[in-house]
Structure formats: structure tokens, C-alpha cells
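Here is a short briefing to read with the structure open beside you. Take the topics in any order you like.

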Amino acid sequence: MEPFVAILLIVGVSLVVGAAAFFIGIQVRKKVGESKIGSAEEEAKRLIEEAQREAEATKKEAVIAGKDEAHKLLTDAEHEISDRRKEIQRQERRIQQKEESVEKKLENLEKKDETVNQKIKAAEQRLQEAEKLKQGQLDVLEKISGFTQEQAKAYILDSLDGELAHEKAVKIMEYEQKTKEQCEKAAREIISLAIQRVAADHVSESTVSVVPLPSDEMKGRIIGREGRNIKAIETLTGVDLIIDDTPEAITLSCFEPVKREIAKLTLEKLISDGRIHPARIEEMYEKARRDVDHMIRSEGERAIIEAGINGIHPELVKLLGRLHFRTSYGQNVLDHSLEVAYLAGIMASELGLEPTMARRAGLLHDIGKALDHEIEGSHIEIGVDVARKYKESETVIHAIHAHHGDVEAKTIIACLVQAADAISAARPGARRENLENYIKRLEKLEEVASSFEGVERSFAIQAGREIRIIVKPEVIKDDGMVLLARDICKKIEEEVEYPGQIKVNIIRESRAIEYAR
């Protein structure tokens with residue numbers, strides 16, 4: 001029992017001691033906290049006072065800075081206002097000076113107007129006096145001469161007309177002679193140089209082709225039973241086959257050279273193959289047509305490469321290739337076009353121009369001849385339409401349009417193409433002409449020359465390159481020969497188609513004949 005009491009006693013004492021210690025700790029903490037709160041409040045008051053002092057200082061500095069900035073802005077504004085006032089004053093002075101100047105000019109103009117008006121009035125008065133004097137003199141002259149005013153005027157005009165005709169003819173002869181001498185010298189040098197640098201071979205071509213045969217027995221096989229093979233060939237190709245007594249040869253006749261070439265290749269393939277019947281003919285015809293299409297493209301590409309130009313539309317390349325099979329007066333048109341391109345390019349270089357455009361115009365100048373069997377119209381009209389369709393330049397289109405003189409040549413390139421075309425066509429052996437057309441052209445030349453008053457006889461010579469005209473001496477005087485030659489040239493240019501140029505040679509002869517009896 002005693003140990004239990006002792007334990008209880010110890011526990012109770014412990015509780016009392018713990019409670020006392022807890023109470024004492026609370027009191028101690030309270031005092032410490034109160035002391036810390038007091039010091040914190042003092043520190044906060046000190047910080048607030050320092051912040052207030054700093055704020056006051058900052059406020060004073062900001063006010064001072066603001067006043068300085070405002071003063072600076074005010075000063076700048078005053079300076080700017082002052083500068084603007086000065087500028088306005090200068091402008092006002094200038095305007096005032098200009099106004100004064102304008103006023104002075106107006107005053108001077110008014111004075112001049114008054115002076116001019118006075119002079120005009122004086123001139124009118126003098127003119128009236130001169131008219132009166134002139135009329136009086138005319139009346140006196142009419143009485144002295146016995147001519148009326150109209151008769152005298154007609155007499156004077158007739159006299160002047162004769163004198164002016166003489167002076168005009170003399171001046172024309174002088175200027176023409178001087179210009180011809182200068183231009184012909186330069187033209188000869190340029191053209192001769194171009195001709196020397198372009199050497200061309202000319203082979204006359206025709207509208208027929210000859211296909212050699214291995215034997216005359218092949219003619220019968222080509223004709224076939226009841227002529228079925230030859231009919232099939234002619235129907236497919238559109239070419240006439242002429243089988244006559246010529247040994248080991250068949251003649252193909254057609255004005256369309258591409259068709260004739262296809263027919264020739266077809267026959268050559270059939271003869272080489274040996275099997276000739278309608279089905280085989282159709283097969284060989286298709287192969288030949290493809291071969292000719294390939295040949296056309298190759299020839300067109302060869303032409304543009306040799307001419308040294310690029311950027312030509314593929315369809316124009318094909319048309320150029322077709323010209324390989326086209327002839328004009330027996331001259332191969334593609335070879336002629338290449339020659340014209342070379343000549344035009346050389347002459348353009350000699351004149352200091354760009355030769356590429358001249359070669360391009362020369363190569364394409366006869367492009368219409370590739371289609372003139374298929375489209376109605378002259379090869380010039382067709383060529384212009386085709387060139388415009390495939391976006392060629394206006395320079396090239398104009399050169400095509402003007403190369404035969406259908407329109408007036410307005411560019412140097414067009415003139416060069418004209419000259420090159422005439423040179424190429426006029427080379428010996430370049431062209432042959434139908435006899436009937438040749439005779440008609442000569443007759444037309446003589447007819448044009450004989451249509452003028454005062455012409456006694458005319459003769460076309462030198463294959464139509466020259467026309468000699470004998471005039472009546474009592475009608476055409478020496479002065480009038482120059483004017484007559486120019487008029488005849490103009491009419492020939494308007495009415496006659498001819499390659500190259502035509503020399504007009506006028507001859508006037510006066511004879512005095514008497515008989516001694």
C-alpha cells in the first residue's frame with residue numbers, strides 16, 4: 001500500500017512542477033514577444049519616416065526635372081515659332097517681289113500691245129495706200145501693154161512655168177547624179193562583198209521525178225492486173241504516173257513537190273520489196289509519208305541551224321522543211337531562202353545593224369510558198385498571216401510583206417531583204433522563166449512606156465532588164481526627159497511585176513535634113 005501512495009505522491013508533485021514550469025514559460029514568452037513587437041514597431045516607424053523623406057526628395061527632384069523639361073520645350077517651341085515667322089516673312093517678301101515683277105511685265109505688255117496696235121494700224125493704212133498705188137500702176141500697165149490683168153497673169157505664169165521646169169529638171173539631175181554617185185559606190189561595195197562571201201550552187205528543178213526500174217518487166221507489175229496497182233498508187237499519192245517507151249524508167253508528174261516525193265519513195269520501196277499489190281501499196285505509202293515528214297523536220301532544223309537563228313515556232317520549222325520540196329522558176333525555195341538570209345545578214349553587218357534579225361527575216365520571207373498550194377492568196381499574204389499567227393516580230397512580218405514591193409519598205413531590214421531576194425534570183429542559172437510569161441512581161445513594159453505622150457517607140461531589151469524609149473524631139477525637150485523617165489519608172493513599179501530592177505533609157509535625137517538640087 002505504501003509504494004502505491006509514494007507513486008501517487010511523485011506523480012502529483014510532477015504534475016504541480018510541470019504546471020508551474022509551463023506557466024513560467026508562458027510568462028517568459030509573453031515578455032519576449034512584447035519586447036520584439038515594441039522593437040518592430042519602432043523599426044517600422046523609422047522605415048516609414050525614411051521612406052517619407054526619400055519620397056519628398058524624389059518629388060522635389062521630379063518637380064525640378066519637369067520644370068526644366070517644360071522650360072526646354074517652351075524654349076524650343078519659341079525658336080521654332082521664330083524660325084517659321086522668319087520663313088513666312090521671306091516667303092511674303094518673295095511673293096511681293098513676284099507680284100511687283102508680274103505687275104511690271106503686265107505694264108510692259110500693255111505698252112507693247114498699244115505699240116503693236118499702233119503699228120498694225122499704220123501697216124494697214126500703208127497697205128491700203130500700196131493697194132491703191134498698185135491698182136493705179138496696174139491700170140497704167142494695162143493701158144500701156146494692151147493686156148488685161150488676167151491676160152498678163154497668164155502670160156507671166158506661162159513664162160515662169162517654162163523657167164521653173166528647166167530649173168527643176170537641172171536641180172533634179174544635179175541631186176540625182178550626186179546622190180547616185182555616193183549611194184552607188186557604197187551599195188556596190190556592200191553588195192559585192194555580200195555576193196563574194198556567199199557562194200551558192202544552183203540546180204534547176206522541175207515538176208517531174210524519174211524513178212529508175214531494174215527492168216521493163218517491172219512496169220507491168222506496177223500497172224497490175226487491169227491497172228489496179230497504178231490506180232491505187234495514183235489515188236493514194238495524188239500523183240500521175242507516166243509509163244511510156246522510156247526504157248527502165250517511170251515518170252512521176254505533180255505540181256505539189258511533197259506529194260511527188262512521197263510517191264517517189266513509195267515506188268522505190270515497192271520496187272525494192274518486189275511485192276506490189278493494193279494492200280502493200282498502202283503500207284509502203286504510209287512508211288514513205290512518215291519518212292518525208294521526218295525529212296521535212298530535219299530540213300527545217302538544218303535551215304535554222306545554218307542560218308544561225310533560234311526561237312522559231314516548231315510549226316514554222318516544219319513549213320521551212322516543206323520549202324525543201326518547193327521550187328520557184330526552177331529554183332529550190334529553201335536554198336533560196338537560206339541564200340537570202342546569208343546575204344541580208346552580211347549586208348546588215350556592213351551597215352552596223354544586228355545581223356540576226358536580218359537573217360531571220362530573210363529565211364522566213366518566202367514561208368508562204370509552203371502553203372500556197374493549199375491556201376488561196378499570194379504567198380506574201382499567206383506568209384504574213386502565218387508569221388503573225390506564230391508570234392513573229394513586226395520587223396519580220398513587215399519584211400515578208402514588203403519583199404516584193406506590195407507595201408512600201410519602211411525599215412532597213414525590209415530593204416535588205418528586198419535587195420538580197422533580188423540578188424539571189426538574179427544569179428546566173430538561178431531561175432528559168434516560162435517563155436509565155438517572159439514575152440507578156442516584155443510586152444507590158446513596152447505598153448507602159450508607149451502610153452506616155454511624146455514617146456515614139458519603145459524596146460524592151462536585156463531580157464526585160466532595160467527598156468529603151470525613143471521620144472519625139474519636137475514634143476519632149478531635154479529638160480523634160482528627166483521628168484518623163486521618173487514618171488515611167490513610177491508607172492512600171494505600180495503596174496509591172498518583175499525581179500530585180502529595170503533601167504529606163506530615154507533617147508532624144510534631133511535631125512535637120514535638106515536636099516541640094
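**A histidine and its surroundings**

The side chains of His403 and Asp366 are joined by a polar contact of 3.3 Å. Keep in mind that this is a predicted model.

**His403 in its loop**

- You will find His403 in the loop between helix H11 and helix H12, the latter covering residues 412-426.
- Is His403 buried or exposed? With a relative accessible area of 4%, His403 counts as buried, because the cut-off for that is under 20%.
- A polar atom of the His403 side chain also lies 2.7 Å from the backbone oxygen of Ile400.
- If you set aside neighbours within four places in sequence, the residues in contact with His403 are His365, Asp366, His379, Ile380, Val417, Gln418 and Asp421.

**Helix H10**

- Two of those contacts, His379 and Ile380, are among the buried residues of helix H10, which runs over residues 379-389.
- What do the buried residues of H10 pack against? Their partners are helix H7 (314-322) and helix H11 (394-402).
- Just after H10, look for Lys391, which takes a positive phi of about 60°.

**Where H6 meets H7**

- Two packed helices are described by the angle between their axes and the distance between the axes.
- For helix H6 (residues 278-307) and H7, the angle is about 100° and the axes are 7 Å apart.
- H6 and H7 are therefore roughly perpendicular to each other, since angles of 65 to 115 degrees count as such.
- On the H6 side, Ile296, Arg297, Glu299, Gly300, Glu301 and Ile304 take part, and they meet Val317, Lys318, Leu320, Gly321 and Arg322 of H7.
- Sorted by class, this contact between H6 and H7 holds five charged, four nonpolar and two polar residues.

- Strand S7 (residues 466-471) pairs with strand S6 (residues 455-461) in the antiparallel sense, over six bridges.
- Opposite Arg468 in S7 stands Phe459.
- S7 also pairs with strand S8 (residues 503-508), here in the parallel sense and over six bridges.
- Which residue in S8 is the bridge partner of Ile467? That partner is Val504.

Definitions and conventions:
Residues numbered from 1 in each chain as written. Predicted model: local features only at pLDDT ≥ 70, side-chain atom pairs only at ≥ 80, totals over all residues. Heavy atoms only, no water. Buried < 20%, exposed > 50% of the residue type's maximum accessible area, 1.4 Å probe, protein only. Helix = DSSP H or I, 4+ residues; strand = E, 2+ residues; numbered from the N terminus. Contact = heavy atoms within 4.5 Å. Axes fitted to C-alpha atoms, helices over the stretch in contact; angles between N-to-C directions. Parallel < 35°, antiparallel > 145°, perpendicular 65-115°, else oblique. Nonpolar A, V, L, I, M, F, W, Y, C, P; charged D, E, K, R; others polar. Pairing = 2+ DSSP bridges. Polar contact = N/O pair within 3.5 Å; in protein donor to acceptor, adjacent residues only side chain to side chain.
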